[in-house]
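I opened this notebook to record, entry by entry, what I looked up in the structure.

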Amino acid sequence: MHRRTFLSYTAGVVTLPSWIDVPQRSRIELLDLEDNCCLRESVAGYSGVLADVGRAARRSVLIVPAAARIPAPPMRTIVHSLQAGAVVILESGTGFASEQDFRAHRDALRDSLAVRVSALVQLWPRRTPYVDYSWPHAAKLRDFSRVIPLDQPTGETIGFADGQPVALRRQVGRGTLIFLGSPLGPALWAGDADAKRWLLDVVRS
Amino acid sequence: MKKAIGDNMIPREWGLERGLELIKQAGYDGIELWLGDVPWFQMATSDSDVRALRRNVENAGLVVSNVSTGLHWATPLSARDPAARAQATRIVERQIETAVMLGTDAVLVVAGLVTEEVPYNEVYQRCLEALQPLGDKAARAGVKIGCENCNSEQRFLISPREFSQFLTDVGRPAVGIHLDVGNIHDTGFAEQWIELHGPRITRIHLKDVLKHRGRCGDQSVYTNLFLGDNNWPAIRAALTKVRYDGWLVAEMEARYRYAPDQQFYDTAQAMDRFIAGRL
């Protein structure tokens, strides 16, 4: 099961609130994987800033919080959104999932998006509590204890935790995929202003 | 006011029956039962065994003052892992269920734990979200949840106004404060906490504190009543001022090295003097 929440459509399905400046034909969408979402507070975190995302976005945005298994229908939504030119923020939640769910998640990322990830890493104890992002601006954002690292750093890597690549930005079709191996949604939910600023810069870019 | 002491104070080798006898002989009115901390009261203890536990307590001439637990230190309501949070919630639910079975109306909860890993803002939000439905459940059961002020150990809700705001944000009358007058250390004064929280106090934990030691050293900051730095006349006066007439529950961290039963008698006598105001 999954649920799609649209902040705005300009295709006539939902009337765009006048105070949200979203370009024509853009839409801001939260794809809640429900039973396949590992962190409900991540959904709450993104939901809480969705209106601000709508104001900041220059393109359509699809956010997938704390994903575990990504079944075929939502994966099709992700791929179609990328092909249509959207920014897709795909957050892995499998640090809090079963081993089977992690394997399904890893395989789906590899097969559908050519994103290769390694097994869960428990970050703590560690010296500093941050993930270091280099794009769209340099930012130190709170880790969420467990990360799903990318299998190797590349030019697409935009975030590191303890030297391990944990976030990437990749052009896919006309769109941009942002993969987050360290959940950001809970920080948004807890009111982290830096996390929100970083997210808005991502969709603004 | 009535006197109680925790069953986790009973020397392990004594067992419950001998412990209950000691508590009664020492002059206490009741016993605080610690879910998960003693062999006779675990999460897996069946309902029928909980009812048998109540009979044992009452046969000894005592009643249950409240249900506490130390399980939330390892499994806090503020854990990042949803599975750990679910278990933490289940612990509180079991406290509420057993409180009803044991004939008491209060449970003690260590609400959240700020660590280097899990920051304050997350802990605050998670505790709110956990305690609101738990407060509703407690209200339906006729039980109050007392969040304990474990100021230094929790690194959470350090000041009395902060704690008060938290309870206001929880917004459930069944969620109050289990106020430990020994836990405030050098960040404040117990009598001010009592005055500020007044009717929200569900139970009082009594112990004394050596404020100059702080919590980071290798020696316990806690000590027996009247040996430390608490201003006991001021604490007694504050309780009178807010008309607190409920349970006083002794919670001693340091144990007597010899004659452990003597600590029960000494503490009960100190509590009598405290209640009588002969300070």
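**Entry 1: Arg155 of chain B.** I counted the surroundings of Arg155(B) in this predicted model and found 17 C-beta neighbours inside 10 Å, which lies between the 12 or fewer of an exposed residue and the 20 or more of a buried one, so Arg155(B) counts as partly exposed. I then looked up its backbone and noted that phi is positive, about 55 degrees, although Arg155(B) is not a glycine. As for its place, I found Arg155(B) in the loop between helix H5 (151–154) and helix H6 (160–170) of chain B.

**Entry 2: Asp162 of chain A.** I looked up a second residue other than glycine with a positive phi, and for Asp162(A) the value is near 50 degrees. Asp162(A) sits in the loop between strand E9 (157–161) and strand E10 (164–172) of chain A. Is Asp162(A) buried or partly exposed? I noted 16 C-beta neighbours inside 10 Å, and with that count Asp162(A) is partly exposed.

**Entry 3: cis peptide bonds in chain A.** I wrote down a cis peptide bond that joins Trp124(A) and Pro125(A), with omega about 5 degrees, and I placed Pro125(A) in the loop between strand E5 (121–122) and strand E6 (130–133) of chain A. I also recorded that the peptide bond from Trp135(A) to Pro136(A) is cis, with omega near -5 degrees, while Pro136(A) itself belongs to the loop between E6 and strand E7 (139–142) of chain A.

**Entry 4: chain A as a whole.** Stepping back, I listed 5 helices and 11 strands as the secondary structure of chain A. Of the 205 residues in chain A, buried ones make up 51%. I also checked how far along the sequence the contacts reach: among those in chain A between residues at least 6 apart, 69% join residues at least 24 apart.

**Entry 5: Ala190 of chain A and the other chain.** I found Ala190(A) in the loop between helix H4 (185–189) and helix H5 (193–204) of chain A, where it is buried, with 21 other C-beta atoms within 10 Å. Which residues does Ala190(A) contact, leaving aside its neighbours within four places in sequence? I listed Asn121(B), Glu122(B) and Gln125(B). Looking at the contact between the chains as a whole, I noted 11 residues from chain A and 9 residues from chain B. On the side of chain B that touches chain A, helix H4 (residues 120–141) of chain B gives the most, with 3 residues, and the residues of that side divide into 2 nonpolar, 2 polar and 5 charged.

The C-alpha atoms of Arg54(B) and Met101(B) are separated by 7.7 Å, although the two residues are 47 apart along the chain.

**Entry 6: nonpolar cores.** Last, I looked up the largest nonpolar core, which has 80 residues, and of these Ile5(B), Val107(B) and Ile145(B) touch the most other members. H4(B) gives the most to this core, with 7 residues. Apart from it I noted another core, of 62 residues, among them Leu30(A), Cys37(A), Ile89(A) and Phe96(A).

How values were computed. Residues numbered from 1 in each chain as written. Chains lettered and ligands numbered in written order. Predicted model: local features only at pLDDT ≥ 70, side-chain atom pairs only at ≥ 80, totals over all residues. Contact = placed C-beta atoms within 7 Å. Helix = DSSP H or I, 4+ residues; strand = E, 2+ residues; numbered from the N terminus. Nonpolar A, V, L, I, M, F, W, Y, C, P; charged D, E, K, R; others polar. Core = buried A, V, L, I, M, F, W, Y, C linked by C-beta atoms within 7 Å.
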